[in-house]
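User: Could you walk me through this structure in plain terms? I would like to ask questions as we go.

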Amino acid sequence: MTQLTRKEEASAEIFTPQGTLPADPIFNNVVKVAGLAVIGVLIWITLVVAGDSLPAIRQFGFGFLTDSNWDPNSDQFGGLSFVFGTVATALIAMAFAIPIGLGIAIFLTEDFLPEAVLTPISFMVELLAAIPSVVYGLWGIFVMIPILRPLLQWLSGGSSSGYGLFTAGLLLSIMVLPTVASISREVLKSIPRSLRNASLALGATRWETIFRVMIPAGTSGIVGACVLGLGRALGETMAVTMVIGNAPEIPKSIFAPAYTIAAVLANEFGEASGELHLSSLFFAGFLLFVITLLVNILAEIFVRRVSLERQ
Amino acid sequence: MQTQKWTRRAFATLVALIAIASPIALQAANALDLNGAGATFPEPLYKKWFFEYNKKNPDVKINYQAIGSGGGINQITKKTVDFGASDAAMTDEELAKAPGKILMLPMTSGAVAVTYNVGGVPSGLKLDRETLAGIYRGRIVKWNDPKIAKTNPDVKLPNQSISVVRRADGSGTTFIFTNHLSAISPEWKRDVGSGKSVKWPVGLGAKGNDGVAAQVQQTPGSIGYIESAYASQNKLPVATLQNLEGKFVAPSIEGVSAALEGTKFPENLRVFVADPDGPKSYPIVGLTWLLVYDKMDDKAKADGLKKFLDWALTDGQKYAPALEYAPLPASLLKLVKQSVAQVQ
């Protein structure tokens, strides 16, 4: 018995010509430092962003969240239109991406088509994630908007120019689609085969099995996929900037130009003049931080509740 | 054993390489490195200048980061660069924040063109002063508005909504454009004012001159303002605008030179030509400035920068027209050179 433990200890040592090194403690510490560094960087970023937004917080306080007047010329800054635009585009994106992404995931995990056909399809869906966002933006300007314009103009009674909230949301939905689809597919694939077989054996049809067994069994993973997608949609900058119209106002219709937090940061940071302007941009960035955090917390609570109910 | 031999060989090669490279490294250390940052509008010309100057003076290397006028002002104030650049010069407030006296040196000038995309309407649409301001204030919303038709009796204007396009990022171009609108329209001055970013009454925001140019090309019924260089590079139709004397003038280098010709320059050389007089003047023009401390910390850098500035203000000016910038009038060049002489 004692011999065995000694052997185990010995296995955790690195032999060098100079002697032995204790491998476990070294590895342990390296991992510890790496783990703490991640947390450290997060806290550091938060502190810097919060610190630099202090002048704006002092000046505007909660009014920043209820005011949509953004006027750098007279030092009046309100962030409501950006917060609204960020949340609205992300929600539009998810409204398209969740059903389509989940549909792709189901299609790829059921045996509708032979594996030889499905593999290239799933590869191509994942390839969508590899396209740089500026390319999505250009594609939006040069391909998507000209195609959509007649429809948007008809829907908006002639006032739409093609750029706006809806266009940005739609483009975002394509960008988050691979995240939602590929993770959902992995989740559905990992559900034990016995579950679906049992359901089919009880006389359930394929669709009953999908909607009553497979999707409920994968809920937590699918929600995770959606949250990751939502995270990308909230923070996406370049592509949104290029198609949203960049108008700092609460849009009167879903087809009107709007603005997001990430887009205003990208546009105005370089030439921000005056401390209050810069600080207000930091404040907006801080709000984006808070929104993302809230989304993640809500998702976590939701996933926990679902898995508790299951037990 | 094999690995050790390999490592040793690699090490020997590395040492040899360093030995070979060291004279080059030493030489590079002797050479003068000047760093600047700021405005994007003059970047093509500055890049050309630095390249040509480096060809003639291989020991002087000038780096320029086009981070925007605001960034350029910040960096020169903090002394993290040797020179800054700005399309809006510096305000008295900004000058007061700097730890020393900053000289504002006009280097070149350019025009801001108004471009449009209206089904089949060629270059040269005439927009009078009231109409231009009216469109950007959101008061004129259709292309066949009587106010536009009045000055363009020969043009068939469609019954189409006007999509106003403007810069979303803070920019010197916006400053020049809004400064002109403030000069020609009291309502604009009251409601919006002038600045590098303003609260626009209407319109779609696009990033950069190229962004506005692309958005105008892609959106039927749109109108936008861009540096005239971008308009001619992209062969976009440009409007002829009404100047102070009521004449309609197309953007051109001659139009800019004419606009600057009669301008009186104050001692600090900061002048915004919001609404130039003269019959041949193009109405929307602007200068762009280099920002330099009159007393620089490093003597060698001060001398190097002075020599470059003198070159840019003499030989350098000839590179401007090819890149769609207007050379400065001789009277102004003389003033700027006097200013450069103060640098120590």
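User: Before we start, what should I know about the model and the numbering?

Analyst: This is a predicted model, in which local features need pLDDT of at least 70 and side-chain atom pairs count only at pLDDT 80 or more, while totals for chains, interfaces and linings use all residues. Residues are numbered from 1 along each chain as its sequence is written, and chains are lettered from A and ligands numbered from 1 in the order in which they are written.

User: OK, how many helices and strands has chain B?

Analyst: Chain B has 13 helices and 11 strands, where helices (H or I, at least four residues) and strands (E, at least two) are DSSP runs numbered from the N terminus. Its C-alpha atoms fill a box of roughly 85 × 55 × 35 Å along the principal axes. Of the 344 residues of chain B, 47% count as buried; a residue is buried if 20 or more other C-beta atoms lie within 10 Å of its own, exposed if 12 or fewer, and partly exposed in between, with C-beta atoms placed from the backbone.

User: And what does chain B use to touch chain A?

Analyst: The contact takes 24 residues from each of chain A and chain B, two residues being in contact if their C-beta atoms, placed from the backbone, lie within 7 Å. On the side of chain B, helix H3 (69-77), strand E7 (204-206) and helix H9 (208-218) each supply at least two residues, and H3(B) gives the most, with three residues. By class, that side has five nonpolar, 15 polar and four charged residues, where Ala, Val, Leu, Ile, Met, Phe, Trp, Tyr, Cys and Pro count as nonpolar, Asp, Glu, Lys and Arg as charged, and the others, Gly among them, as polar.

User: Is H3(B) enclosed or in the open?

Analyst: Eight of the nine residues of H3(B) are buried, so this helix is largely enclosed by the rest of the structure. The buried residues include Gly70(B), Ile73(B) and Ile76(B), and what covers the buried residues of H3(B) includes strand E1 (32-38), helix H4 (92-97) and helix H7 (172-184) of chain B. Just after H3(B), Lys79(B) takes a positive phi of about 60°.

User: Switching to chain A, how do H5(A) and H11(A) pack?

Analyst: Helix H5 (residues 80-109) and helix H11 (residues 219-235) of chain A pack at an angle of about 140°, with their axes 9 Å apart; axes are lines fitted to C-alpha atoms, for helices over the stretch in contact, and angles run from 0 to 180 degrees between N-to-C directions. That makes H5(A) oblique to H11(A), since angles under 35 degrees count as roughly parallel, over 145 as roughly antiparallel, 65 to 115 as roughly perpendicular and the rest as oblique.

User: Which residues meet there?

Analyst: Among them are Thr86(A), Ala93(A) and Leu102(A) in H5(A), and Ile222(A), Gly229(A) and Leu234(A) in H11(A). The residues of this contact divide into 11 nonpolar, three polar and no charged.

User: What about H2(A), buried or in the open?

Analyst: Of the 30 residues of H2(A), the number buried is zero, so this helix lies largely in the open.

User: Last one, where is Asn246(A)?

Analyst: Asn246(A) is in the loop between helix H12 (238-244) and helix H13 (261-268) of chain A. Asn246(A) has a positive phi of about 50° although it is not a glycine, and it is buried, with 31 other C-beta atoms within 10 Å.
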